[in-house]
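Welcome to this short tour.

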Amino acid sequence: MSWDRGPRRPRRFGRQALIAASATALSLTASGCVVVHGEREVLPSATRAEAAKALEQFTSAYNAADKAYDTSLDADHTTGALAAIDSARLKAGRANHPDGNPSHTPLELTDAEFTIPKKAGWPRWFVADAKGNKGGDTRWLLVFTRHGMEETWQAAYLTLVAPGKVPEFKTDADGWAEAVPAHSTDVAAPPGDLSKDYTAYLKDGGQTFADGAHTSAWRELRQKRSKRPGLVTQYIDEPLANGDYAPLALRTKDGGAAVFFSTRHYEKQTAAQGVSVPTPNEDVLALTDGEIKQSLTMEFVSNQIALDPADGPVSVLGRVQGLTSAKGE
C-alpha cells in the first residue's frame, strides 16, 4: 500500500454481506494432484446427504449467531472470505446492540441443489445453490470446504447470482462434477491467478475481464468518487489467494470454469484542511480504531464468482464484500 496503516493484525472478519445482497476458488490442492495422508483414490467430496446436512447446520449456526450477535456461535461453520465478512458484522452488531440483534429475521435457504466434484486429496469441497428469503430472487451460492474426515464442513464463499446467471456445471454419468486445477491453461485465465488479475484490472483496466457491474462499472464509480471536492479518496486492491482464501473452480458445460475467488480492498478518504471526513454509520464506527480527524481508511474483504471461458474475457457474475476494519487519523 502507498499509505502507512501500521502493522497488520491477523483477522477473522465478518458476515455483513449475507444481508447486504446488493453488495452484489480453486485451492492449489483442489486439483487432485496433491495427496494428503496417502489418499489417492478419486472420490466424490461428499455424499448428497452430507452436503444437505452441512447446509442445514450452517444455516442453523448462522441464525443463532445473527440473533445473538455472537461470533462464537457460527465460527465453526465459516472460514476464508465468508468468515472474514461474517465476524466483522457480528462484532459491529455486538458493539452497538449488546443484547442481540433487534432486527433479526431467520435466514431460510430452500430449493437447494448441490454440485459435488469427484477428486482426490484434501481439501474436499462442494457448491450449494439455494433460494434465500433475503436478497430478492437471487440464488445463494455457497462453497463448503473441509480438510479432514473429522472436520466440520465450513462455508468459505458466498455469492449472490441472478437465477438465469447461475453457471451450468459439467457432470459425469453419475452426477459428479469436475474440479478445475488452479494452474489450468485450458481457460482464458488460470483460476489461481484470478485474484491478482482482478486487482490489477481494478487499478489499470485491461482486457482480461468483460464489462459489467463488478468490473468496468465499479471502476467508473470509484473514479467518480475519487474526485469529490474537498475529499480525496484513494483505493488499493490486494489479492487473497492462499490457505482458506484459495480460489476454487468447477468445470462448466461449455468447457470453461466457474471460479470462486477472494480479494482485499482499501479505501482511504482524506479531507482537505477545514473539511470533515463524512461521518460513517455506527457499524463502521464500531470497527474503527483511532480518532477520525482528517482521514478514514476502511478495509474490505470481497468474494466473487466468475465465468472463466475457454476463450474470451472473464465475466464476474456476483460479488459480495464486507467491511472488516477501519482506522481513523
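The buried residues of α4 pack against α5 (216–225), β7 (231–240), β9 (257–271), β11 (295–308) and β12 (315–328). Buried means under 20% relative accessible area, with exposed over 50% and partly exposed in between (1.4 Å probe, protein chains only). Helices (H or I, at least four residues) and strands (E, at least two) are DSSP runs, numbered from the N terminus. Helix α4 covers residues 194–204, and its buried residues include Leu-194, Tyr-198 and Leu-202. After α4 comes Gly-205, with a positive phi near 75°.

This is a predicted model, in which local features need pLDDT of at least 70 and side-chain atom pairs count only at pLDDT 80 or more, while totals for chains, interfaces and linings use all residues. Residues are numbered from 1 along each chain as its sequence is written, and side-chain values use heavy atoms, leaving out hydrogens and water. The score pLDDT is the predictor's confidence in each residue, from 0 to 100. The protein chain averages 90, and 88% of the residues score at least 70. Over residues 4–38, pLDDT stays under 50. Where pLDDT is low, the predicted coordinates should not be read in detail.

Now find strand β9, which holds Glu-267. Glu-267 is buried, with a relative accessible area of 8%. Its side chain makes a polar contact with the side chain of Arg-225 at 3.0 Å. A polar contact is a pair of N or O atoms within 3.5 Å; within protein, one must be able to donate a hydrogen and the other to accept it, and residues adjacent in sequence count only if both atoms are side-chain atoms.

Next comes an open sheet of 4 strands, in the order β2-β4-β5-β6, with antiparallel pairing. Two strands pair if DSSP finds at least two bridges between them. β2 (109–115) and β6 stand at the edges with a single partner strand each, so one side of each has no neighbour in the sheet.

| Helix | Lies across | Angle |
|---|---|---|
| α2 | β2, β4, β5 and β6 | about 140° to β2 |
| α3 | β5 and β6 | about 80° to β6 |

Finally, the largest nonpolar core has 28 residues, and Phe-126 is one of those touching the most other members. Such a core is a set of buried Ala, Val, Leu, Ile, Met, Phe, Trp, Tyr and Cys residues joined through side-chain atoms within 4.5 Å. α2 gives the most to this core, with 5 residues.

How values were computed:
Contact = heavy atoms within 4.5 Å. Axes fitted to C-alpha atoms, helices over the stretch in contact; angles between N-to-C directions.
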